[in-house]
Amino acid sequence: MKGHSNTSASSGVRISAEMVLENTSRAYAELRDLLDSNEALGEPLYLRLRRAIMECLSNGRWMPGDKMPSEGELARELGVSLGTVQKVLNGLAKEDVLVRRHGHGTFVSVGRGQSQMLLHFRFVGDDTGSILPVYAEFIDRMVCGDAADVRDFLSCSGEYIRVRRRLKIANEFECISEFMIDAERFSEIMTIPEEELGRVVIRNLMARKFNAPTLKLKQYVRATKFDAQMVKLMHGDPKIPYGLLMEIHSFTHGDVPISFQKIYIPADSRPLELLGPDLAT
């Protein structure tokens, strides 16, 4: 993408020019598919384009601080008029989803960030109406089978994939997420580049690639003492190894278990806004 920075502001990970180009190519492919999908047919074109761009933002194709392609490039690549692109981008700028800078281009708003997309990291700022920005950073992924509670909930064959990420909350503190899914059904997750797993909202990825949207949750929270390894992962103070452990049991169509997530939140953090368990509406 011409003029794109080689450093991701959201993750602090250096991104090569080749990776930026590949990510942009994938974004265009996704935008075209969304514009031409059966669900979108019958809608006005500008609404279809708006929905497609929002979906790409939600999927992590462009992250907070990233520069969007130019109006002309979007129009050319997607086969729509320049006026339609301008209408959509201007509308998203008014909603604070994008920031338009005259002479510099269009950028994804840092003020919204992934905090509007990640369900369980909605930490409240000084203004009770504001949600702090959240930046995800990939740690590791592996096929596991040692946790019986995870295996039993997922009803998997014996192995599950664990994706661990570090969530930076407005550069104030850090949380750790362990996201676990059936290794057999979602084996393709192991082939996705690590950089992409650091950028994408995994629930959206599962919905898009595997037709497995999260529709309902059961959430459990308890105060606990973290082990030394977890405190180190959180860059926390070893003298204060306490915090909250949140467990999320997620379900898809037909109340079928879809994911088991553990979130580690340090003791010295912000108030956390909790969402309801029914995500179907």
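1. Which residue of S5 does Arg165 stand opposite? Arg165 stands opposite Ser177, within the pairing of strand S4 (residues 160-169) with strand S5 (residues 173-182), which is antiparallel and extends over 10 bridges. Two strands are taken to pair if DSSP finds at least two bridges between them, and the elements themselves are DSSP runs numbered from the N terminus, helices being H or I with at least four residues and strands E with at least two.

2. On provenance, this is a predicted model, in which local features need pLDDT of at least 70 and side-chain atom pairs count only at pLDDT 80 or more, whereas totals for chains, interfaces and linings use all residues. Residues are numbered from 1 along each chain as its sequence is written, and side-chain values use heavy atoms, with hydrogens and water left out.

3. As to the overall composition, the chain has eight helices and eight strands, and 48% of its 281 residues count as buried (buried means under 20% relative accessible area, exposed over 50%, and partly exposed in between, with a 1.4 Å probe and protein chains only). Among contacts (heavy atoms within 4.5 Å) with a separation of 6 or more, 62% are made by residues 24 or more positions apart. The accessible surface of the chain comes to about 13,800 Å², and 50% of this belongs to carbon and sulfur atoms; the areas come from the Shrake-Rupley method with a 1.4 Å probe.

4. S4 and S5 belong to an open sheet of six strands, whose order is S3-S4-S5-S8-S7-S6 and whose pairing is antiparallel. Strand S3 (134-144) and strand S6 (216-225) stand at the edges with a single partner strand each, so that one side of each has no neighbour in the sheet. Direction ignored, neighbouring strands of this sheet are turned by 20° against each other on average.

5. Helix H7 (residues 202-210) lies across S4, S5, S6, strand S7 (242-251) and strand S8 (257-266), and runs at about 25° to S5, where axes are lines fitted to C-alpha atoms, for helices over the stretch in contact, and angles run from 0 to 180 degrees between N-to-C directions. Its buried residues are Ile202, Arg203, Leu205, Met206 and Phe210. Seen down the axis of H7, these fall within an arc of 160°, so they line one face of the helix; the arc is that of the directions from the helix axis to the C-beta atoms. The cover over the buried residues of H7 includes S4, S5, helix H6 (194-199), S6, S7 and S8. H7 is followed by Asn211, which has a positive phi near 50°.

6. Strand S1 (residues 98-101) pairs with strand S2 (residues 105-108) in the antiparallel sense over four bridges, with Val99 opposite Phe107. The two strands form a hairpin with three residues between them, and Gly103 in the turn has a positive phi of about 85°. Gly105, found in S2, is partly exposed, with a relative accessible area of 25%, and touches Lys67, Val99 and Arg100, not counting residues up to four places away in sequence.

7. Met68, in the loop between H2 and H3, is buried at a relative accessible area of 2%. Met68 and Thr106 are 38 residues apart in sequence, with 5.5 Å from C-alpha to C-alpha. Leu98 touches both of these, its contacts including Met68 and Thr106.
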